[in-house]
Amino acid sequence: MSQLPNCPKCGSEYTYEDGNLYICPECAHEWSQDASLENNDALVVKDANGTILQDGDDVTVIKDLKVKGSSSGIKVGTKIKGIRLVEGNDGHNIDCKVTGVGAIKLKQEFVKKS
């Protein structure tokens with residue numbers, strides 16, 4: 001019996017084959033067998049200059065940003081240390097903590113790698 005890959009979306013080990021597709025019964029994610037051989041599921045996040053960002057990088061904000069629910073915002077030149085990359089459906093791919101604001105998600109086009 002061959003070992004089927006875990007679901008790339010939720011990590012479930014209960015995947016099954018249907019034709020040339022793998023299907024996850026827990027999250028209903030479907031992917032081709034060819035795609036599972038390649039590692040296309042790696043998240044690639046680039047900053048405003050096109051530099052690839054990685055977890056733990058330090059970035060600098062390149063535009064004044066308003067923060068919902070706060071009277072203050074994030075100013076140009078604010079340095080953010082130790083970012084974490086996440087898959088965001090709305091384009092907010094960076095989780096970080098900003099001094100004076102707290103935990104926040106940022107869009108990649110508003111930062112550059114330090």
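## Exercises around leucine 53

Setting aside neighbours within four places in sequence, leucine 53 is in contact with Val45, Lys46, Asp47, Val59, Ile83, Leu85, Ile94, Val111 and Lys113. The model you are looking at is a predicted one, so let's explore it step by step.

**Exercise 1.** Find which residues have the most contacts inside the largest nonpolar core, and which elements give two or more residues to this core.

*Solution.* Start with the core itself: the largest one has 16 residues. Leu53, Ile74, Ile80, Ile83 and Leu106 have the most contacts inside this core. Next, look at the elements: S6, strand S9 (94–98) and strand S10 (102–106) each give two or more residues. Of these, S9 gives the most, with 3 residues. As background, nonpolar side chains tend to be buried together in soluble globular proteins.

**Exercise 2.** Work out the strand order of the open sheet with 3 strands, and find its edges.

*Solution.* The order is S7-S6-S11, with antiparallel pairing. Strand S7 (79–80) and strand S11 (111–113) each pair on one side only, which makes them the edge strands. Now zoom in on one pairing: strand S6 (residues 59–61) and S7 are joined by 2 bridges. Within this pairing, threonine 60 has lysine 79 of S7 as its bridge partner.

**Exercise 3.** Describe the largest pocket by its volume and its lining.

*Solution.* First, the volume is about 250 Å³. Then turn to the lining, where you will meet Leu65, Lys66, His92 and Phe110, among others. Sorted by kind, the lining residues are 6 nonpolar, 1 polar and 4 charged.

Definitions and conventions. Residues numbered from 1 in each chain as written. Predicted model: local features only at pLDDT ≥ 70, side-chain atom pairs only at ≥ 80, totals over all residues. Heavy atoms only, no water. 1 Å grid on protein atoms, 1.4 Å probe; cavity = no way out; pocket = protein on both sides within 12 Å on 5 of 7 lines; lining within 4 Å. Points joined across faces, edges and corners; volume = space filled by probe spheres on them. Nonpolar A, V, L, I, M, F, W, Y, C, P; charged D, E, K, R; others polar. Pairing = 2+ DSSP bridges. Helix = DSSP H or I, 4+ residues; strand = E, 2+ residues; numbered from the N terminus. Core = buried A, V, L, I, M, F, W, Y, C linked by side-chain atoms within 4.5 Å. Buried < 20%, exposed > 50% of the residue type's maximum accessible area, 1.4 Å probe, protein only. Contact = heavy atoms within 4.5 Å.
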